[in-house]
Every structure is written in structure tokens, then in C-alpha cells.
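The sequence and the model are shown first, and the description follows.

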Amino acid sequence: MMKVVDVPDMGYFSKDSKGEVCVKGHCVFKGYLKDPAKTAEALDEDGWLHTGDIGMWLPNGTLKIIDRKKNFFKLAQGIYAAPEKIENVYGMSPFVAQVFVGGESLKSFVVAIVIPDKETVLQWSKENLKCNSWSEICNDPAVKALIFEDMLKRGKEAGLYSFEQVKAIHLHPEVLTYEAGFLTLTSKIKREFCKKYFAKEIETLYSSYNEFV
């Protein structure tokens with residue numbers, strides 16, 4: 001037997017014929033040897049094995065795998081990037097309040113949407129810029145360069161590989177909130193929502209970077 005179940009954090013719902021693929025039957029293993037905790041992660045109380053694959057039922061009744069539940073994505077060179085790991089590193093920058101790292105399978109590098117830390121950046125701006133509004137500050141090339149350079153510094157210190165270091169960033173002036181749909185109840189980024197919301201910005205980051213390298 002096979003079914004798909006809701007994965008709200010990624011925007012997949014069984015009512016839309018999309019969700020995490022679960023299987024059940026004689027071919028499914030009974031659990032991990034002497035590891036009940038790991039078994040509980042894989043098998044639910046009804047015996048369904050949660051595969052971690054995101055599937056979509058097609059009109060002809062076949063199932064197509066379209067994503068992975070775990071937040072990894074493959075880059076063009078075949079290497080997998082872990083965005084949450086990268087985001088945690090960049091989040092250590094005093095200039096960064098929030099960051100969403102995105103990547104595409106046809107691209108060899110990652111990019112990021114960055115929400116600057118308002119207090120820290122405003123203080124720096126008062127001493128170095130003549131911008132009047134927060135929006136102007138976030139659009140200022142000097143601010144972007146400041147934040148980008150500090151992010152790369154943090155990444156290098158944390159031992160990020162070259163493919164994990166973002167090659168371009170976009171500064172978004174508004175904080176990502178649960179109320180606006182960007183975050184889960186546990187304040188984790190809703191990756192699919194952000195990917196769709198910032199689709200144009202991400203496309204611009206990729207095209208702009210490619211134009212000058």
C-alpha cells in the first residue's frame with residue numbers, strides 16, 4: 001500500500017495529491033535493530049513507513065517523486081547543499097536578522113535573501129551613509145557589500161565549502177513572520193513559501209551574477 005501525507009512546512013498537502021510518500025505492507029521492514037527511537041522516526045504507530053520522499057499522484061495513477069522532506073537540494077555539479085546549515089552560519093553575523101538560502105538544480109551555487117538586523121545596520125548607516133529611510137538603506141550598495149562580506153567571513157570561519165558560500169544576496173527590508181506565512185509555529189522558515197515569494201528576486205540574483213562572472 002502507498003499514500004501521501006501532509007507536509008505543511010513545505011506546502012504539500014494530500015488534498016492536492018502531494019505529500020510525503022508512505023508505504024505499508026509485507027515488504028516494509030519492522031524497525032531498526034535495538035534502536036526504538038530511530039524506528040519511531042521512520043515508522044508511525046499504524047505501521048506506515050515515512051520515506052522522506054515527496055511525491056505527487058499523476059492523473060494516470062502513477063506516483064512521481066518531486067522533492068525530499070529533508071531540506072537538502074542538489075546543485076548542478078551533483079553536490080547536495082544543506083540550506084539550514086548555511087543559514088545558521090550566516091545568522092551569526094551581527095548584520096543579519098534572518099536569512100533564506102536558495103538553490104536550483106541547474107545552478108552550481110546558492111544565493112540568499114537577507115533580512116538585515118535593523119538596529120545594527122541603522123547604527124552603521126548613521127555613521128557612514130546619508131540615507132533617510134530603512135528602504136533606502138537596504139537598497140544601498142555599500143550596505144549590501146558590508147553584509148555580504150561579513151557573511152562570507154562567517155562562512156569561511158565556520159568551514160563552509162565554496163559551493164555552500166552564497167554568491168549573491170538580496171536585502172529584504174521586512175522581517176519574515178509567522179503571520180505573513182513565512183514561518184512555521186516553531187519559527188522555522190517555510191522553504192517552499194519563501195521560494196515562491198522571492199522567485200523574482202532569486203532569478204535576478206542568478207542572472208545578475210552570471211552576467212558579470
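## Salt bridges and packing in the predicted model

R154 is partly exposed, with a relative accessible area of 22%; the classes used here are buried for under 20% relative accessible area, exposed for over 50%, and partly exposed in between, computed with a 1.4 Å probe on protein chains only. The model is a predicted one, in which local features need pLDDT of at least 70 and side-chain atom pairs count only at pLDDT 80 or more, while totals for chains, interfaces and linings use all residues. Residues are numbered from 1 along each chain as its sequence is written, and side-chain values use heavy atoms, with hydrogens and water left out.

The partner of R154 is D150, and the two side chains form a salt bridge with an N to O distance of 3.3 Å. The term denotes a side-chain nitrogen of Lys or Arg within 4 Å of a carboxyl oxygen of Asp or Glu. D150 counts as buried, at 11% relative accessibility. R154 and D150 are separated by about one helical turn because they stand four residues apart in helix α5. Helices (H or I, at least four residues) and strands (E, at least two) are DSSP runs, numbered from the N terminus.

| Pair | N to O distance |
|---|---|
| K85 and E164 | 2.9 Å |
| R191 and E87 | 2.5 Å |
| R154 and D150 | 3.3 Å |

The salt bridge between K85 and E164 links distant parts of the chain, with K85 in helix α2 (residues 83–90) and E164 in the loop between α5 (141–157) and β9 (169–171), 79 residues apart. K85 is partly exposed at a relative accessible area of 39%, whereas E164 is buried at 4%. R191 and E87 also form a salt bridge; R191 belongs to helix α6 (residues 191–197) and E87 to helix α2, so this pair ties together parts that are 104 residues apart in sequence. Both R191 and E87 are buried.

What else surrounds E164? Apart from neighbours within four places in sequence, E164 is in contact (heavy atoms within 4.5 Å) with K85, I86, Y90 and V110.

In α2 the buried residues are P83, I86, E87, V89 and Y90. These residues cover an arc of only 160° around the axis, which puts them on the same side of α2; the arc is that of the directions from the helix axis to the C-beta atoms. Among the elements covering the buried residues of α2 are β5 (73–74), β6 (80–81), β7, α5 and α6.

Y90 is also a member of the largest nonpolar core, which has 27 residues; Y90, V114, I147 and M151 touch the most other members. Such a core is a set of buried Ala, Val, Leu, Ile, Met, Phe, Trp, Tyr and Cys residues joined through side-chain atoms within 4.5 Å. Two or more residues of this core come from each of α2, β7 (96–102), β8 (111–116), α4 (134–138), α5 and β9, and α5 gives the largest share, four residues. When residues up to four places away in sequence are not counted, Y90 touches V96, V99, V101, M151, L152, G155, L160, E164, Q165 and V166. A second, separate core of 15 residues includes V111, A168, C194 and Y206.

### The sheet and its helix

Three strands form an open sheet with the order β7-β8-β9 and mixed pairing, where two strands pair if DSSP finds at least two bridges between them. β7 and β9 are the edge strands, each pairing on one side only. From one strand to the next the twist averages 20°. β7 and β8 run antiparallel and are joined by six bridges; G102 stands opposite V111 in β8. Helix α5 packs on the sheet, where α5 touches β7, β8 and β9, and the direction of α5 makes about 130° with that of β9. For such angles, axes are lines fitted to C-alpha atoms, for helices over the stretch in contact, and values run from 0 to 180 degrees between N-to-C directions.

### A buried serine

S125 is placed in helix α3 (residues 118–128). At 5% relative accessibility, S125 counts as buried. Beyond neighbours within four places in sequence, S125 is in contact with I137 and V143.
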